[in-house]
Amino acid sequence: MQQLLKVAMPKGRINKSAIKLLQDAGYAIPDDLEDSRKLIISAPEVGMEFIMAKPVDVATYVEYGVSDIGIVGKDVLMEEDRDVYELLDLGIARCRMSVIGLPDWTPVMNPRVATKYPNVASRYFRERGQQVDVIKLNGSIELAPLIGLADRIVDMVETGRTLQENGLVELESIFPITSRLIANRVSYRMKNDAIQQLCDRLQTVIGEPVL
Ligand code: PRP
(Lines give C-alpha, C1' and ligand atoms only; values in the text may rest on other atoms or scores of the structure.)
Protein backbone atom coordinates (compact mmCIF):
# COMPACT_ATOMS: atom_id res chain seq x y z
CA MET A 1 0.00 0.00 0.00
CA GLN A 2 1.26 3.49 -0.87
CA GLN A 3 2.43 5.46 2.17
CA LEU A 4 0.84 8.91 2.45
CA LEU A 5 3.44 11.63 2.84
CA LYS A 6 2.52 14.72 4.82
CA VAL A 7 4.43 17.58 3.17
CA ALA A 8 5.03 21.03 4.69
CA MET A 9 5.11 23.44 1.75
CA PRO A 10 6.30 27.04 2.09
CA LYS A 11 3.78 29.70 1.16
CA GLY A 12 4.98 32.87 -0.55
CA ARG A 13 7.88 33.38 -2.91
CA ILE A 14 9.31 29.82 -2.79
CA ASN A 15 5.91 28.22 -3.32
CA LYS A 16 5.78 28.41 -7.10
CA SER A 17 9.26 26.94 -7.69
CA ALA A 18 8.67 24.20 -5.08
CA ILE A 19 5.45 23.11 -6.82
CA LYS A 20 7.14 23.21 -10.22
CA LEU A 21 10.00 21.07 -8.96
CA LEU A 22 7.59 18.38 -7.72
CA GLN A 23 5.69 18.51 -11.02
CA ASP A 24 8.95 18.21 -12.98
CA ALA A 25 9.83 15.19 -10.84
CA GLY A 26 6.67 13.50 -12.13
CA TYR A 27 4.18 14.24 -9.35
CA ALA A 28 0.88 15.47 -10.80
CA ILE A 29 0.43 18.19 -8.20
CA PRO A 30 -2.85 20.08 -8.64
CA ASP A 31 -2.23 23.42 -10.38
CA ASP A 32 -4.54 25.30 -8.05
CA LEU A 33 -2.31 24.50 -5.04
CA GLU A 34 -0.53 27.82 -5.51
CA ASP A 35 -3.64 30.00 -5.53
CA SER A 36 -5.66 28.15 -2.94
CA ARG A 37 -6.36 29.66 0.46
CA LYS A 38 -6.84 26.18 1.91
CA LEU A 39 -4.17 25.33 4.45
CA ILE A 40 -4.43 21.54 4.21
CA ILE A 41 -4.67 20.18 0.68
CA SER A 42 -5.07 16.50 0.05
CA ALA A 43 -3.56 15.01 -3.12
CA PRO A 44 -4.16 11.26 -2.78
CA GLU A 45 -3.40 10.75 -6.48
CA VAL A 46 0.28 11.46 -5.72
CA GLY A 47 0.20 9.99 -2.20
CA MET A 48 0.65 13.37 -0.51
CA GLU A 49 -1.11 15.78 1.79
CA PHE A 50 0.19 19.34 1.77
CA ILE A 51 0.30 21.68 4.74
CA MET A 52 0.68 25.25 3.48
CA ALA A 53 3.03 26.82 6.02
CA LYS A 54 4.82 30.07 6.62
CA PRO A 55 8.39 29.30 5.40
CA VAL A 56 9.92 30.00 8.80
CA ASP A 57 7.60 27.38 10.39
CA VAL A 58 8.22 24.49 7.96
CA ALA A 59 11.09 22.97 9.96
CA THR A 60 9.03 23.20 13.16
CA TYR A 61 6.20 21.11 11.66
CA VAL A 62 8.73 18.56 10.43
CA GLU A 63 10.67 18.39 13.70
CA TYR A 64 7.48 17.71 15.66
CA GLY A 65 6.36 15.06 13.14
CA VAL A 66 3.09 16.67 12.05
CA SER A 67 4.71 16.76 8.60
CA ASP A 68 6.92 13.92 7.36
CA ILE A 69 8.90 16.12 5.02
CA GLY A 70 9.18 19.79 4.14
CA ILE A 71 10.77 22.29 1.80
CA VAL A 72 12.66 25.00 3.62
CA GLY A 73 15.37 27.60 3.00
CA LYS A 74 18.89 26.99 4.29
CA ASP A 75 18.58 30.39 6.03
CA VAL A 76 15.90 28.97 8.35
CA LEU A 77 17.95 25.83 9.04
CA MET A 78 21.05 27.91 9.85
CA GLU A 79 19.07 30.12 12.21
CA GLU A 80 17.04 27.49 14.05
CA ASP A 81 19.17 24.35 14.32
CA ARG A 82 16.13 22.02 14.11
CA ASP A 83 16.42 18.29 14.80
CA VAL A 84 15.55 17.10 11.27
CA TYR A 85 17.31 15.27 8.45
CA GLU A 86 18.45 17.48 5.58
CA LEU A 87 18.09 15.19 2.55
CA LEU A 88 18.57 17.21 -0.61
CA ASP A 89 19.70 20.58 -1.87
CA LEU A 90 16.82 21.39 -4.21
CA GLY A 91 18.74 24.20 -5.90
CA ILE A 92 15.71 26.51 -5.97
CA ALA A 93 15.24 29.96 -4.42
CA ARG A 94 18.94 30.73 -4.73
CA CYS A 95 20.11 33.77 -2.80
CA ARG A 96 22.70 34.61 -0.16
CA MET A 97 22.99 35.84 3.42
CA SER A 98 25.00 39.04 3.57
CA VAL A 99 26.19 41.88 5.75
CA ILE A 100 24.77 45.11 4.35
CA GLY A 101 25.27 48.76 5.11
CA LEU A 102 25.29 52.28 3.78
CA PRO A 103 28.12 52.98 1.30
CA ASP A 104 29.73 55.53 3.66
CA TRP A 105 29.60 53.13 6.63
CA THR A 106 32.61 53.44 8.94
CA PRO A 107 33.60 51.06 11.77
CA VAL A 108 32.32 51.99 15.24
CA MET A 109 32.67 50.33 18.65
CA ASN A 110 29.85 47.83 19.30
CA PRO A 111 27.92 48.46 16.08
CA ARG A 112 24.20 47.71 16.09
CA VAL A 113 23.18 44.99 13.63
CA ALA A 114 19.51 44.54 12.70
CA THR A 115 18.34 41.20 11.33
CA LYS A 116 15.63 38.54 11.09
CA TYR A 117 18.43 36.05 11.86
CA PRO A 118 19.85 36.90 15.32
CA ASN A 119 21.59 33.53 15.77
CA VAL A 120 23.24 33.65 12.35
CA ALA A 121 24.35 37.26 12.87
CA SER A 122 25.63 36.70 16.45
CA ARG A 123 27.59 33.60 15.38
CA TYR A 124 29.09 35.35 12.37
CA PHE A 125 30.42 38.35 14.30
CA ARG A 126 31.48 36.24 17.33
CA GLU A 127 33.60 34.01 15.07
CA ARG A 128 35.34 37.14 13.81
CA GLY A 129 35.94 38.43 17.32
CA GLN A 130 33.74 41.44 16.68
CA GLN A 131 31.44 42.64 19.43
CA VAL A 132 28.05 43.76 18.10
CA ASP A 133 24.62 44.54 19.46
CA VAL A 134 22.08 42.41 17.55
CA ILE A 135 18.55 43.80 17.14
CA LYS A 136 15.86 41.37 15.99
CA LEU A 137 13.36 42.66 13.42
CA ASN A 138 10.70 40.72 11.51
CA GLY A 139 10.86 42.30 8.05
CA SER A 140 11.80 45.34 5.97
CA ILE A 141 15.26 45.00 7.52
CA GLU A 142 16.73 47.46 5.02
CA LEU A 143 14.92 50.26 6.86
CA ALA A 144 17.20 49.92 9.89
CA PRO A 145 20.36 51.64 8.54
CA LEU A 146 18.28 54.19 6.62
CA ILE A 147 16.53 55.51 9.72
CA GLY A 148 19.43 55.15 12.14
CA LEU A 149 18.28 52.08 14.07
CA ALA A 150 21.34 50.03 13.11
CA ASP A 151 24.81 50.48 11.62
CA ARG A 152 24.57 47.34 9.55
CA ILE A 153 22.08 44.60 8.75
CA VAL A 154 22.36 40.86 8.10
CA ASP A 155 19.79 39.83 5.50
CA MET A 156 19.11 37.86 2.36
CA VAL A 157 20.05 39.23 -1.04
CA GLU A 158 18.40 37.67 -4.06
CA THR A 159 18.31 40.03 -7.05
CA GLY A 160 19.92 42.94 -5.17
CA ARG A 161 16.99 45.16 -6.12
CA THR A 162 15.98 46.04 -2.56
CA LEU A 163 19.55 47.17 -1.80
CA GLN A 164 19.83 49.16 -4.99
CA GLU A 165 16.51 50.95 -4.56
CA ASN A 166 17.41 51.89 -0.99
CA GLY A 167 20.99 53.00 -1.63
CA LEU A 168 22.58 50.18 0.38
CA VAL A 169 25.62 48.04 -0.43
CA GLU A 170 26.57 44.44 0.25
CA LEU A 171 29.66 44.52 2.50
CA GLU A 172 30.28 40.78 2.90
CA SER A 173 28.60 37.62 1.69
CA ILE A 174 28.17 35.12 4.57
CA PHE A 175 26.81 31.94 2.90
CA PRO A 176 24.78 30.89 -0.14
CA ILE A 177 21.16 29.85 0.36
CA THR A 178 18.95 27.38 -1.51
CA SER A 179 15.84 25.45 -0.50
CA ARG A 180 16.35 22.04 1.09
CA LEU A 181 14.22 18.91 1.39
CA ILE A 182 14.05 17.94 5.06
CA ALA A 183 12.52 14.93 6.82
CA ASN A 184 11.32 14.07 10.28
CA ARG A 185 13.71 11.51 11.81
CA VAL A 186 11.00 8.95 12.67
CA SER A 187 9.14 9.41 9.36
CA TYR A 188 12.41 8.85 7.52
CA ARG A 189 12.54 5.34 8.98
CA MET A 190 8.80 4.54 8.97
CA LYS A 191 8.07 5.93 5.49
CA ASN A 192 11.46 5.28 3.97
CA ASP A 193 10.16 3.80 0.70
CA ALA A 194 8.01 6.82 -0.13
CA ILE A 195 10.67 9.34 0.97
CA GLN A 196 13.43 7.53 -0.90
CA GLN A 197 11.32 7.39 -4.04
CA LEU A 198 10.68 11.12 -3.76
CA CYS A 199 14.42 11.82 -3.34
CA ASP A 200 15.29 9.63 -6.33
CA ARG A 201 12.75 11.37 -8.52
CA LEU A 202 13.82 14.83 -7.38
CA GLN A 203 17.46 14.01 -8.03
CA THR A 204 16.69 13.29 -11.66
CA VAL A 205 15.52 16.89 -12.08
CA ILE A 206 17.98 18.71 -9.82
CA GLY A 207 21.06 16.62 -10.61
CA GLU A 208 22.56 17.29 -7.19
CA PRO A 209 24.20 14.76 -4.90
CA VAL A 210 22.38 13.70 -1.70
CA LEU A 211 23.68 15.82 1.21
C1 PRP B 1 13.68 39.53 1.43
C2 PRP B 1 14.95 39.98 2.10
C3 PRP B 1 15.27 41.27 1.38
C4 PRP B 1 14.76 40.99 -0.03
C5 PRP B 1 15.90 40.64 -0.95
O6 PRP B 1 12.62 40.20 2.00
O7 PRP B 1 14.77 40.14 3.50
O8 PRP B 1 14.60 42.35 1.95
O9 PRP B 1 13.85 39.88 0.06
O10 PRP B 1 15.45 40.39 -2.26
P11 PRP B 1 16.08 41.15 -3.51
O12 PRP B 1 17.58 41.08 -3.40
O13 PRP B 1 15.57 40.38 -4.69
O14 PRP B 1 15.57 42.57 -3.51
P15 PRP B 1 11.11 39.75 1.81
O16 PRP B 1 10.64 40.12 0.45
O17 PRP B 1 11.01 38.30 2.14
O18 PRP B 1 10.30 40.62 2.82
P19 PRP B 1 10.62 41.22 4.27
O20 PRP B 1 11.40 42.47 4.03
O21 PRP B 1 9.31 41.49 4.88
O22 PRP B 1 11.41 40.21 5.03
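In this predicted model, the side chains of glutamate 86 and lysine 74 come together in a salt bridge, with a distance of 3.1 Å from N to O. Glutamate 86 belongs to strand S5 (residues 85-89) and lysine 74 to helix H3 (residues 74-80), so this pair ties together parts that are twelve residues apart in sequence. The general idea is a friendly one to remember: side chains of opposite charge can pair when their charged atoms come close. A search of the whole structure turns up eleven salt bridges.

Attention now turns to the ligand, which sits in the largest pocket. Around the ligand there are 13 residues, and those that come nearest are Arg13, Lys116, Glu142, Thr159 and Thr162. Sorted by class, this shell holds six charged, five polar and two nonpolar residues. Strand S9 (152-157) and helix H6 (161-165) each supply at least two residues of the shell. The largest share, three residues, comes from S9.

Where do the oxygen atoms of the ligand meet the protein? One answer lies at lysine 116, where an N or O atom of the side chain is 2.4 Å from an oxygen atom of the ligand. At aspartate 155, an N or O atom in the side chain is 2.7 Å from a ligand oxygen. Glutamate 158 takes part through its backbone, with a polar atom there 2.8 Å from an oxygen atom of the ligand. As for how much of the ligand is covered, the ligand taken alone exposes 500 Å², and the protein buries 75% of that.

Definitions and conventions. Residues numbered from 1 in each chain as written. Predicted model: local features only at pLDDT ≥ 70, side-chain atom pairs only at ≥ 80, totals over all residues. Heavy atoms only, no water. Near = heavy atom within 4 Å. Polar contact = N/O pair within 3.5 Å; in protein donor to acceptor, adjacent residues only side chain to side chain. Areas by Shrake-Rupley, 256 points an atom, 1.4 Å probe, with all protein chains shown as cover. 1 Å grid on protein atoms, 1.4 Å probe; cavity = no way out; pocket = protein on both sides within 12 Å on 5 of 7 lines; lining within 4 Å. Sits in = over half its atoms within 2 Å of the grid points. Helix = DSSP H or I, 4+ residues; strand = E, 2+ residues; numbered from the N terminus. Nonpolar A, V, L, I, M, F, W, Y, C, P; charged D, E, K, R; others polar. Salt bridge = Lys/Arg side-chain N within 4 Å of Asp/Glu carboxyl O.
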